[in-house]
Structure formats: structure tokens, C-alpha cells
Amino acid sequence: YSDQTINIQAKLAMEIGLTTADWYSLGDSYFRKLELYSLNWSNEVTELSNFVIAGSSFGGPIVFRTKGNALKPFIHIYTCSGVRTSTIKWNSGKIIHVGWSNSEDLLCIQEDGTVLVYDIFGKFQRTFSFGQEVQEYGILSAKIFSNESKTGIAVLTTRFRFFLINNIEKATLRKLPEIQGLKNTPLDWALLSRDYNSKVLVTLGNQIILADQAGQVTLNKIAGDVSGNIMKIAVSHNVSHVALYLDTNCIWLGSYDLGTKYCVHMLDNPNPPDQIVWCGSGAIVASWESNLLIVGIDGEWTMFAYCSHIHIISEPDCVRVISNDAHELIQKVPESTLSVMKIGSMEPGSILLEASKEFKRGSHKADEYVRMVGNDLFTAVSQCITAAREEFRADVQKSLLKAAWFGKGFLSVYNPSAFVDSCQTLRVLNTLREYKVGIPLSYQQLEILTPQVLLDRLVNRRLYYLGVQIADYLHIPPEKGSNRVLAHWACYKVKQTQYDSDVIAKSIADKLRSYAGISYSQIANKAAECGRNPLAIKLLEYENRACEQVPLLMKLGEDWTALKKAIESGDNDLVYMVLLYLNKKLSLGNFQMSIRIYPVAQSLYMKYLQLEKQRDLLMNFYVQEDDFDRQAECHLFDALNAKRKEICLSSLAEAQQAYAKSKNTFWSSICDEQHKIMKYQLQFEEQFNVPFYQKSLHDNIKQLLLINQLKSAEKLKAEFKVPEKRWCWLRLSTLAQLGDHDEIEKLGKAKKSPIGFEPIIDTLLQMGRESDAKKYLSKVRSENKVKYCIKLGQFGEAVEIAYQSKDDDAIQYLRSLHGPKYESLYKKLEQYNAVKK
């Protein structure tokens, strides 16, 4: 295939020549210079040399600050495509430095250490300070540094001390250690930032001092035979390489610790460069007014001349160059692009690209080229897809993707996800690069930035519709994508005070109706912050989550609406939250009267008072509601827990009166009787000096009988209608306890006894008076006579009564008795059994 290979190379050279016309050789590497936008600045920006310029990374906005009047400058903000977004007429302190944060907020650092934060449209956001010491001594210079997760600021004061804020969102101030030997303003200094470990590189003659937050100060010397004082420092994005400009008119490239030298480039221009930045990690770019120099780490270089003053902005994988009439990008040609697009390349991807073009022409050569690729077809497809990602021109992207599509048709097994993802991402990138949007991101930058951060940047630019379209197109989850963008849109919408609240509320509701999961409370809160409370209330009507809706309604002063929504939600915790808030806000009477129309809230409030044991408030509430039963319960509770007898008595009386008012006769009588008992108890204690308090009626009567106060006991019996049976039992038990058998005999001589005569016999037997007990055997009921005959030792009489009455149960009972003392009983039973036979 040698002749055929030569023909292919020649053909590829002609085809690719136009594509690679903007490539420049730098030793073994290639760099390309692409025009992103043709610029037409507004009348305020006619010459870049009149401004201090700062560009945000990742295709962010560009700020221009006039040089002439340092105290009252004008600050203009533009997109990368040259569209002005705002102008700020400065009326604060002297500006030392301006720059951009990761979230594209404009940071203006003043001489007194105050940092003012503005958005991309020049609207003031907030401010923070570097503290009293920095304010007292003032700032000489400042640097803004960023990585993927945070933005920080470092300042150098007039006392040559460094102060550092690692994250402006938290603004924790750190004072770096004093650098010995630093007695004058350093020629230059820079930051090394890795996560939360930031270090300061300070030039000191031909050495660099490295100071970190831990208090360590390291002195590093430049590797290699290089002389001269260091004038400028540039640190690469990956914080691994450093470039130094020395007053001997040379640029030194090496590792960040100065231990490894890559190369030293001697300059022809006697003037020091205005800027030195890294282009990726393989080269540096230096600029002088209208000249630009690229130096690779291998020492190779190339120079470009411009017709006007230029400014360069460093990116992770390239640099952007701004001039009066153009915005360009300089980038090392990616390996994938080099393998496919380089003139004379015989890589599989390059041959597949040519095969695709021949196929489009309808030429049979397409088949020949595919056969040349052979087993490397999968590699060829991958090379074309990867090369397409790195291209900025849409026609070249399409050509490469068509080649990949053509090649994968010859593969029996192929996962198209990489192809599909690349097509989607390139479509998004091309949209972002359009003039109206002006965000010239590369594929690598988008991977670093992530789609979520990209959406944040579109929101900051108020490109809400584009943000929603991109989020849906890339299938980003709604809570991180479209919903979040629309919530920001709604928050922006409520700030438009020129529109009526009803109109805005309706437009927001109509727009968000088809999107589930958007928090209307967040939007309403933003409306409240803008002083549009009626709009916030209307928006909250669309909020489905009561836990978000209720607190904001309370904040807006819609307390009763909040209570109603809390009750409807069924969440008792929310109801309690509103109730406690209202209880503190309103007078007690007004609060209690107001919640009467909400039975659920009223019930929960009473439950809360019970749990918290707030008896006074609970009683006041019951009094206001004329709830006599609950009042009585409170009085009973007070009576049961009273420590003083007088309080207990009064509480019982009040409880009885409350039950009487509620016509609860049962409980009223119970309280009345208990009150009477307690009065008697106190009377008896005082009279007899014996404890009666907090004892039952039964125990009180028993106590009186034990101290021989029969009349008092009979008085209680009559007063509280004690049944005769209970009285007899009490009388008998106390007499037994006292050992008064004479009184017991009096009880036994009665014709009738409410409790019968059996207890008298039992009591006498317990007292050991068996002979007296036998006197009452005749008065025992017939069904109990056999049992009591046995107790009194009258076995013969027991057997006789049992057989005469033909009581089988009694006979069986007699037979069940066992033991030596029952031997005579056994004989009587045998005699009766013999006679019966």
C-alpha cells in the first residue's frame, strides 16, 4: 500500500490544510490560535490601555476599571463576546484590586481592607472586612485565588504582613507568619492554593520565600545557573509549575518549589512583560502591550504581534487574549486532535475521517480506506469522537462526528453512549459560545466546571430559559436542574416592582404548575425580603408543604392563617409552634378568646398546659370557657397535691361548688362527703391527739372504736350512713383487738345480728374462750352448724345433725377430715353407717 499511502497523505494534507491553518509549531508540540469573537466595544471602552482589566475564568465576564481616577473610577462589566452588562460609578474608598470569584461575583478590594461584592449586573450584594489591623495599616497589594471549591483573598499590608481568607463565603481571617528580611515592598508575590492549605510565594532577590498558615517559612533558591532578581511570578492552575521573570531579562520555568528547572528563555524585548500566565501546564504566555510570546517547557517559543493593546486571561487548558477588536483563544492542540487532523497523520482516526468524506462523495475509495483501518476501527471511532469534543468550529465537529458514525456502522458490537454524550455536550457548548450568551467554554473546562455549576452561571446571567433547556437536554435531575433554575427565575421575578403582585403571582404559578417539587416558600421568602408581603402571601397559597408554609406566614404577620394551615396539615408540632408564638405575642385573655373558634388548637393548647403543669393558666382558661367540670378537676388535683390541710379543704369545697354548677350531682356529693370527712378528721385529731387525716371512713371509725370513742364513731356512722353489717364487723374486730369479751358477749346476746353469730364464735375462739363460744352454737345458721360443731369439738352432734338433715355435702365434708384429733369423729361415722345398714 505504499503508493496508496502516499496518495492518502497528499489528499489528507489538502483536506486538513484549512483546518490546521491556525496551528503553530512549538518544538514537538503544536499550539493553535482561534478567534472566538469579533469585538465591538461600547464607547466607554475604546482603548484597552486605559483600563485595568480582570477576566473571570471558565469563559466568565470581564471587568474594566479606568486607570486615571483611582478614587472615583468607572467600572464596566462585559461578557466575553463584548456585550456590556453593567457600569458602576465608584463612590467608595480607594480600590487596590478587582477580580472575580468562582461564582462570578465581582470582588472590589479597598485600601482599608474592605471587600465589596457585586453581581455580574453591578448590583451590590454584601461586604466583609479584613479586620481592624489591616484597616489601621492599609493594603499595598492583594490577590484573588480560586479553585474548584472556593475563592480566597490574600493581602499585603504596609507593615509587610500577609493576611489570608481561604474562603470568602466563611471569611475566616488568618495572619501569616512574619517574613524575616522583607523590609520593602516585594517585587511580586503569588498564591499556592490546594484545598484549604494556601501558601504565599514572595520574591526576595533571586530567592523565593514560601510561607504557609502553619507558621512555617521556607527559603527556596532557583535551580540552575541563573542570576538576577525575580520580578514576576506565575503559578500554573494545577499548582505544580512556576514561571519567573528575572531582571536579567530571562524567563525561568520549573517546579513550584524551584527544585527542578525546565528551561530558561532569554528575551529580546528589554522591557519586562505586562503579564505572565500559564497556558495549561505545557507552556507560558507573556504579553507586552501589543506583543505576545509563548514559551514551552522545553524552551521552544513563538511570538505574535497585535495591532492594539492586549490582555490575557488564564484558563486551566488555554489562555484567552483580548484586544481592541477581537477575543482569541490560544491552546495547545490536544493529542486527539493532533492524531486525527495533523497533516500527514496515518492514525486510524485520520484515515476514517477521509473514508467518511469519500463515502459522502459516493467514491469507492471509502471502502479501501476502511479496509486500511482494519482492526483499529474501534480506536478510529474513539479518536474522531474525542477530537470532535476539542473543536470550536461546528463544521469540523460535524465532520468528525459523521466519521465516527460512519465507522461504528462497521463494528458488530459498539456502545454508542460516548457518541451520544459527545453530541449532546457539543450542542450545549456551541449554544454557550454563541454571541448572545458569550461563554466560550472548552470541553475540558465544562468537565471541570460540571453542568450544575454551569446552570448557576446561567442563572447569574438571568438566562433562565436557556438554563432550563440545557438541564432538560442533559437529563439533569429536576431538583438539581430545571426546578432549581425556575426557582431562581421566580425569585428574580418577584423583584420586578413595576408589576402588580397579582400579575406576578399568576405568571409564576402558571409557569411552575407543571414542575413538581419547586419550593414556593423560597420564592415567597425572597418576595418578603423585597418588601412585597402581599405577593409573598399569594405565593404561599401554592405551597403544598405546611412545614415550609407556616413559618413564613408567621414571619409575614399572617398568624391566624398560619394556625389554620397548621391545623389542616394535621401536624401537631406545627400547631404547637404557632400557638406558643401567639401566646407570647397576644395578651392572655385575647389569645384564649381567639383560639375558641379553632377546637383542635384549643384542645392541643389545653393538653400542652396539662403536660407543662401550668395549673394557673389552665384554670383561667376553664373559667373563661365556663367549663365547671374541668375547673372541679383542677381543684381536685390541687386538693390531692396540697401540702397544707387548709388548702386541701378549700380546694375540695371549690370542687364541690364547681360540680354543683355543672349539675354533676354524683361528683358533687362525693366531694361534699370527702370535705365533711376531712373536717371530722381535723376535729378528732385536735380533740384526741391521734392521727386521722388522709385515712378512709372505715379507718377513722375503727380508730375511734380503738380509743373507746363509741359516741363519735356512732356519729360518723349516722352521718355517712354506714351499713349495719360494716358497723358490726368494725365493732366486733375492734372489741377483739381490745380483748373486751364482755362487750362481745353483749353482742352475742342480741336476738339478731346483721353479720350472724358465726363471726362472734370465731372471734371468741381466737381469744381462747371456747366455752363462751359454745353458748352461741344454737344461734348458728343451719347450713353452718356442722362446720361450727367441728370447730367447737362437738363431733357427735355434728354427725347427728348431718345424718338427720340428710345433707350429703355435710357428710362428705366430715369424711374429708383427717388427723389424730378426728378419731372420735371416725368412730361416730362408722356407728351411723352400721346402724344405717
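A charge is taken to sit over a ring if NZ of Lys or CZ of Arg is within 6 Å of the ring centre and within 35 degrees of the ring normal. By that rule, Lys493 lies over the face of Tyr499, 5.8 Å from the ring centre. The model is predicted: local features need pLDDT of at least 70, side-chain atom pairs count only at pLDDT 80 or more, and totals for chains, interfaces and linings use all residues. Residues are numbered from 1 along each chain as its sequence is written, and side-chain values use heavy atoms, with hydrogens and water left out.

**Aromatic pairs**

- The structure holds 19 aromatic pairs, where rings of Phe, Tyr and Trp (its six-membered ring) pair if their centres lie within 6.5 Å, and planes under 30 degrees apart count as stacked, over 60 as edge-to-face and the rest as tilted.
- One of them joins Tyr118 and Phe124 edge-to-face, at 5.6 Å centre to centre with 75° between the planes.
- Tyr118 is buried, at a relative accessible area of 9%, whereas Phe124 is partly exposed at 42%; buried means under 20% relative accessible area, exposed over 50%, and partly exposed in between (1.4 Å probe, protein chains only).
- Ring pairs also link Trp41, Phe51, Phe64 and Tyr78 into a cluster.

**Around Trp189**

- Phe162 and Trp189 form an edge-to-face pair, with 5.0 Å between centres and 70° between planes.
- This pair links distant parts of the chain, 27 residues apart: Phe162 is in strand 13 (residues 162–165) and Trp189 in strand 15 (residues 189–194).
- Strands (E, at least two residues) are DSSP runs, numbered from the N terminus.
- Both Phe162 and Trp189 are buried.
- The charged end of Lys143 sits over the ring of Trp189, 5.6 Å from its centre.

**Domains 2 and 4**

- An automatic or database domain assignment divides the chain into domain 1 (23–31 + 196–333), domain 2 (39–175), domain 3 (342–414), domain 4 (416–476) and domain 5 (783–836).
- The C-alpha centres of domain 2 and domain 4 are 27 Å apart.
- In domain 2, 16 residues are in contact with 12 residues of domain 4, contact meaning heavy atoms within 4.5 Å.
- The two domains bury about 1300 Å² between them, 54% of it from carbon and sulfur atoms; buried area is the accessible area (1.4 Å probe) that two parts lose on being put together, summed over both.
- Phe58, Ser81 and Phe121 supply 45% of the area that domain 2 buries against domain 4, more than any other three residues.
- The rule finds 2 salt bridges across this interface, a salt bridge being a side-chain nitrogen of Lys or Arg within 4 Å of a carboxyl oxygen of Asp or Glu.
- Glu104 and Arg461 meet through their side chains in a salt bridge (2.5 Å, N to O).

How values were computed
Helices (H or I, at least four residues) and strands (E, at least two) are DSSP runs, numbered from the N terminus.
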